[in-house]
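Here is a friendly walk through one protein chain, from its overall layout down to single residues. Keep the view open beside you as you read.

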Amino acid sequence: MPFNRWWYESLISPGPLLDANYPAQLLRSINETLGFGPGDSRRIVWLEAHVRQAIFSQADLDIGNLSKPQIRHATVHVSEAETILTVEGSARRIAGPGIDTPARHVDK
């Protein structure tokens, strides 16, 4: 399941600030939900999600042809320090201290 801005704002809080550490807050929220304290050996310290994304050309979308998608593989790694999105081998930091809000990727 991919994590996006809606997930962060729904699980953590609305009105993100520049110095907010969303990855750490997300992990803290998950651990609290599961009843894992700071010293618990079962504590979750890292999350990974794998996603396959279908990309269509604008020409195919214009005629309603969804038969030939280009499949793109992405992985998201969430640690207490940051969230890294890797798409087809290219990684970028999308959340963590110093990033205003989790980024949304829009293909043109």
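Helices and strands here are DSSP runs, helices of at least four residues and strands of at least two, numbered from the N terminus. With that in hand, the elements of the protein chain read α-α-β-α-β-β-β from the N terminus on, a total of three helices and four strands. Please bear in mind that this is a predicted model.

The mean pLDDT of the protein chain is 79, and 70% of the residues reach at least 70. Over residues 101–108 the pLDDT is below 50, although this stretch has 14 contacts in the model beyond near neighbours in sequence. Where pLDDT is low, predicted coordinates should not be read in detail. Among the elements, confidence is lowest in helix 1 (residues 5–11), with a mean of 64, and highest in helix 3 (residues 58–62), with 92.

**The sheet and its helix**

The four strands make an open sheet in the order 1-2-3-4, with antiparallel pairing. Strand 1 (46–55) and strand 4 (90–95) are the edge strands, each pairing on one side only. From one strand to the next, the twist averages 25 degrees. Strands of a sheet pair through backbone hydrogen bonds, either parallel or antiparallel. Here strand 1 and strand 2 run antiparallel and are joined by 10 bridges; A49, for instance, has V76 in strand 2 as its bridge partner. Helix 2 packs on this sheet and touches strand 1, strand 2, strand 3 and strand 4. The direction of helix 2 makes about 75 degrees with that of strand 2.

**The nonpolar core**

The largest nonpolar core has nine residues: L26, L27, L47, A74, V76, V78, L85, V87 and I94. Helix 2 (22–34), strand 2 (70–79) and strand 3 each give two or more residues to this core, and strand 2 gives the most, with three.

**Two residues to look at**

N65 is found in the loop between helix 3 and strand 2. Leaving aside neighbours within four places in sequence, N65 is in contact with F56 and D60.

T86 lies in strand 3 (residues 83–87). Not counting residues up to four places away in sequence, T86 touches H73, A74, T75 and A91. For H73, the separation from T86 is 13 residues in sequence and 8.4 Å in space, C-alpha to C-alpha.

**The chain as a whole**

Of the 108 residues in the protein chain, 27% are buried. The accessible surface comes to about 7300 Å², with 55% of that area belonging to carbon and sulfur atoms. Looking at contacts between residues at least 6 apart in sequence, 40% join residues at least 24 apart.

Key:
Residues numbered from 1 in each chain as written. Predicted model: local features only at pLDDT ≥ 70, side-chain atom pairs only at ≥ 80, totals over all residues. Heavy atoms only, no water. pLDDT = per-residue confidence, 0-100. Contact = heavy atoms within 4.5 Å. Core = buried A, V, L, I, M, F, W, Y, C linked by side-chain atoms within 4.5 Å. Buried < 20%, exposed > 50% of the residue type's maximum accessible area, 1.4 Å probe, protein only. Pairing = 2+ DSSP bridges. Axes fitted to C-alpha atoms, helices over the stretch in contact; angles between N-to-C directions. Areas by Shrake-Rupley, 256 points an atom, 1.4 Å probe, with all protein chains shown as cover.
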